[in-house]
2 protein chains.
Amino acid sequence: MAEYIKDGTIRLSNGASACSYAAAVGKMEGEGPLGQCFDYISQGAELGEKTWEKAESKLQQYAFEIALSKGKLQKQDISVIFAGDLLNQCTGSAYGLRDSDTPFIGLYGACSTMAESLMLASLYADMRLGYYFAAITSSHFCSAERQFRFPINYGGVRPPTAQWTATASGCCITKSADKPPFIKAVTAGKITDMGVKDANNMGAAMAGAAYDSLSRHMENLKRTPDEYDGIFTGDLGQVGTDILHELFEKRGIDISRVHKDCGLMLYDREKQDVHAGGSGCGCSASVLCAHILPQIAEGKLHNVLFAATGALMSTTMSQQGESIPGISHVVEISDTL
Amino acid sequence: MAEYIKDGTIRLSNGASACSYAAAVGKMEGEGPLGQCFDYISQGAELGEKTWEKAESKLQQYAFEIALSKGKLQKQDISVIFAGDLLNQCTGSAYGLRDSDTPFIGLYGACSTMAESLMLASLYADMRLGYYFAAITSSHFCSAERQFRFPINYGGVRPPTAQWTATASGCCITKSADKPPFIKAVTAGKITDMGVKDANNMGAAMAGAAYDSLSRHMENLKRTPDEYDGIFTGDLGQVGTDILHELFEKRGIDISRVHKDCGLMLYDREKQDVHAGGSGCGCSASVLCAHILPQIAEGKLHNVLFAATGALMSTTMSQQGESIPGISHVVEISDTL
């Protein structure tokens, strides 16, 4: 029986294994520093579809199908899919997985969705509420940009704090623990509002949520940052990363040595024009599935916190002058049980 | 340990109790047949707020606060909130519960969200992954109408198949089982597409999902409809209800004797101009929390299936000519363990 520690933190009993994982990405992500790691790199943003939204759905399909195939699984082996995305009414997932014929639990956690879905998929696996579970999410630069900001063709100028929504999808399949990577503990995020109102500065809006969830996770489990060789945040970008480090420093804790942000790992900011870094559900999802989990499986990383971060904003609420709440869920992953 | 049966169905081990529940609704819902049952009835659609979206968030706050108060609980007693709504990026929940300072798992299941959130809140309670858990959802006629269809002031004519989005929110708090109502089993829905493309005919789009989930639930648990004294669907309205009965009749099963649809219970269709019935996350949520659960607690209902139904549509996908996928999750609730 998994053990409830307190304040959102749960320690898994038997643990769960991430038994197969895959990432499907766009051309630009394929040209970035992690380009060699991805399972599928699209040549164009359309993926043969007529709309950006359908292209995003196809990315989810690909990530799911490749993860199944790498795990020598079929969709009938999956007991529940946990999925969500940024599109209004999460249609990236609903349409992408429409033909899955598999029990489906739809999530909305903005760019924190990969941690949210992996948290639930790991708890279900630990509790043996089925056999295999899929955690899936996606984002697409073009579908996100026109939904949240401006139509692509408009060519709006992006401020330096803006982040680049990744065209990417990640899928991680879990089961009850047998081999690494093992999911050992999780902490559910709280909605945290730092009063940021600028939709082009999501890193700042999410940094407080990452700080809150990471602090709670480590405090509740009596851990310190130096017990981890990687603390990966979702997509704070450069602005949010600086704020996160500052928030920890105020309490005399230096996480900069072990902290990396998926939004800063996906692109080469010197060569690729992504301003403050990458973002989007697919950003941390693809970095997790193509880089972090394989590194743990290969024993190159040992104890990791994965804390995807989400900005719970909508254009409607921004137009009504509201600030942007953030959320971050934490999943602890290790190469030993 | 909860027992995984198959194909999305889980039988809870110790069971969970719905220990407190509340519904906050709008004026029109208060004037309907269940008017006497609600905990809070707003005098206007604005709830003192400047926008419909903020009014919807306030409804969620009210439902949550009243459920806490009825259960003699404080927000610190809640280990996790499971919540979602229809608004883009689920802002009804994110902003309504922004100040909750409680671990938050955001869901998107369209109008099936009350069953989805109650399913997870019940599993968490059964597994003792904390102490108390809140399942919350909402909808608001005005915020939904302008987001999904036309601005209110436009006065677009609604076809007879159209449903009326309820201005309502429901909150149900769960804990490990001690007294009725008991949640005993759940079945996660699958995305089901019947090829319906008319956003004004959601009942037809969702009927197949309700049929699939209810059939699976009863088959997996080897039950028949006559073992229940109430099978409540989410909000199929009249059109979807007729289709659901037909789908069961084709297999020689008559569910009409025990079946009721929350969309047909919330309003008096002879006196209230709601066309095919009510809809919206808040419709089944408020009927559950104000009518179904109290009836079970009082021993007037004994064995119930609650199958909220959701249309996973977005205006973007409808404009792209796509059909509307549906989903329905099933929660079995009883007055005995």
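## Close-up views of a predicted model

**View 1. Confidence of the model.** Chain A has a mean pLDDT of 96, and 100% of its residues reach 70 or more. Here pLDDT is the predictor's confidence in each residue, from 0 to 100. The complex receives an ipTM of 0.97 and a pTM of 0.98 from the predictor. This is a predicted model: local features need pLDDT of at least 70, side-chain atom pairs count only at pLDDT 80 or more, and totals for chains, interfaces and linings use all residues. Residues are numbered from 1 along each chain as its sequence is written, while chains are lettered from A and ligands numbered from 1 in the order in which they are written.

**View 2. The two assigned domains of chain A.** Domain 1 covers 16-176 and domain 2 covers 182-334. These bounds come from an automatic or database domain assignment. The C-alpha centres of the two domains of chain A lie 18 Å apart.

**View 3. Where domain 1 of chain A touches domain 2 of chain A.** Here 50 residues of domain 1 are in contact with 53 residues of domain 2. Contact means that C-beta atoms, placed from the backbone, lie within 7 Å. On the domain 1 side, α4(A) gives the most, with eight residues. Helices (H or I, at least four residues) and strands (E, at least two) are DSSP runs, numbered from the N terminus. This side divides into 29 nonpolar, 16 polar and five charged residues. Ala, Val, Leu, Ile, Met, Phe, Trp, Tyr, Cys and Pro count as nonpolar, Asp, Glu, Lys and Arg as charged, and the others, Gly among them, as polar.

**View 4. Where chain A touches chain B.** Here 49 residues of chain A are in contact with 49 residues of chain B. Elements that give two or more residues to the chain A side include α3 (91-96) and β4 (78-85).

Key
Two residues are in contact if their C-beta atoms, placed from the backbone, lie within 7 Å.
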